Amino acid sequence: MATKSQAKPIFFLLVFVSSLIGISKAGGIAIYWGQNGNEGNLTATCATGKYAYVNIAFLNQFGNGSTPGINLAGHCNPASNGCAFFSSQIKSCQRLGIKVMLSIGGGAGSYSLASKADAKNVARYLWRNFLGGSSRSRPLGDAVLDGIDFDIELGSTQHYDDLARYLSAHSKRRRKVYLTAAPQCPFPDAFVGAALNTGRFDYVWVQFYNNLQCQYASGNTTNLLNSWNTWTSSINAKKIFLGLPAAPAAAGSGYIPPKVLTSQILPVIKKSSKYGGVMLWNKFYDDSNGYSAAIAASV
């Protein structure tokens, strides 16, 4: 039996090791913000303390010679440079340690990349207008976003790997450019599969919804868990997230009741070293359903 003097170091060592294990298992919640004017502003979103990552959605017009355009629903009017006031709110989120990304693409819009040169031009635009470069026409003001999120759901499937490489090239030791993506759960994703294969992505929040073959349905977790295993074993990304609708109305299918998520799914997927947390679509639906609050302790 250890003496009293020996017990203290052993006790603190056990606490330290336990804390490391806890950290390795813990994840964060990523949220999409920007597609409903009734979801509150960015400052309020980040002040809730619920989210580790915020994706501003969407830059839904770019490439193929078009003038890039951002759509933030009812939040502001980008045509009159009316979204620049979000700069201070972005900085407020970042001061709290929250990473803020610009999400490009989305389920509606006009975007594609016509060539490798086109991808380079779009990367240059994103760098100058949202990241660490400079431009007189920065739509969100002078705030430097943490990275770019690829939510590519329509148009051409080509050259997003080139875009990822060009954006990644801007990463420096002093200021990293994070790359994230939201592929559909059928593997491989038709739109960003090639981009993910570059190995340049930090966080991948897979959309495990609106796809019956790889989502939760009617008490059956098998398809989702099998798909999760495929993604975590096949993609060279730092962390993989379980992407879910935050309320039944947020998607056509794939909603998981919080009790099912916390008791039957999270305990299984958290065993993966690639587990990063949960992504929710979106802030408005999370507000209405209280989903993140219901699962936060388990994520």
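Start with helix H4 (residues 116–130) and helix H5 (residues 160–168) of this predicted model: their axes come within 8 Å and cross at roughly 40°, which makes H4 oblique to H5. The crossing of H4 and H5 is right-handed. To display the contact, select Lys116, Ala119, Lys120, Val122, Ala123 and Leu126 on H4, with Asp162, Leu163, Tyr166 and Leu167 on H5. Of the residues in this contact, seven are nonpolar, three are charged and none is polar.

Next, show the cysteines. The structure holds three disulfides. With the bonded cysteines numbered in sequence order, they pair 1-4, 2-3 and 5-6.

Select Cys46 and Cys93, joined with an S to S distance of 2.0 Å. This pair connects distant parts of the chain, 47 residues apart, with Cys46 in helix H2 (residues 42–47) and Cys93 in helix H3 (residues 86–95). The link of Cys46 and Cys93 is right-handed, with 95° about the S-S bond, and both cysteines are buried.

Move to Cys76 and Cys83, again a disulfide at 2.0 Å from S to S. The link is right-handed at 90° about the S-S bond, and Cys76 and Cys83 are both buried.

Then select Cys185 and Cys214, whose sulfur atoms are 2.0 Å apart in a disulfide. Cys185 sits in the loop between strand S7 (178–181) and helix H6 (193–196), and Cys214 in the loop between strand S8 (203–207) and H7. The link of Cys185 and Cys214 is right-handed, with 70° about the S-S bond. Cys185 is buried at a relative accessible area of 1%, and Cys214 is buried at 3%.

Finish on Ser227 in helix H7 (residues 222–234).

Notes
Residues are numbered from 1 along each chain as its sequence is written. This is a predicted model: local features need pLDDT of at least 70, side-chain atom pairs count only at pLDDT 80 or more; totals for chains, interfaces and linings use all residues. Side-chain values use heavy atoms; hydrogens and water are left out. Helices (H or I, at least four residues) and strands (E, at least two) are DSSP runs, numbered from the N terminus. Axes are lines fitted to C-alpha atoms, for helices over the stretch in contact, and angles run from 0 to 180 degrees between N-to-C directions. Angles under 35 degrees count as roughly parallel, over 145 as roughly antiparallel, 65 to 115 as roughly perpendicular and the rest as oblique. A crossing is left-handed if the near helix is turned anticlockwise from the far one by less than a right angle, and right-handed if clockwise. Contact means heavy atoms within 4.5 Å. Ala, Val, Leu, Ile, Met, Phe, Trp, Tyr, Cys and Pro count as nonpolar, Asp, Glu, Lys and Arg as charged, and the others, Gly among them, as polar. A disulfide is a pair of cysteine sulfur atoms within 2.5 Å. Buried means under 20% relative accessible area, exposed over 50%, partly exposed in between (1.4 Å probe, protein chains only).
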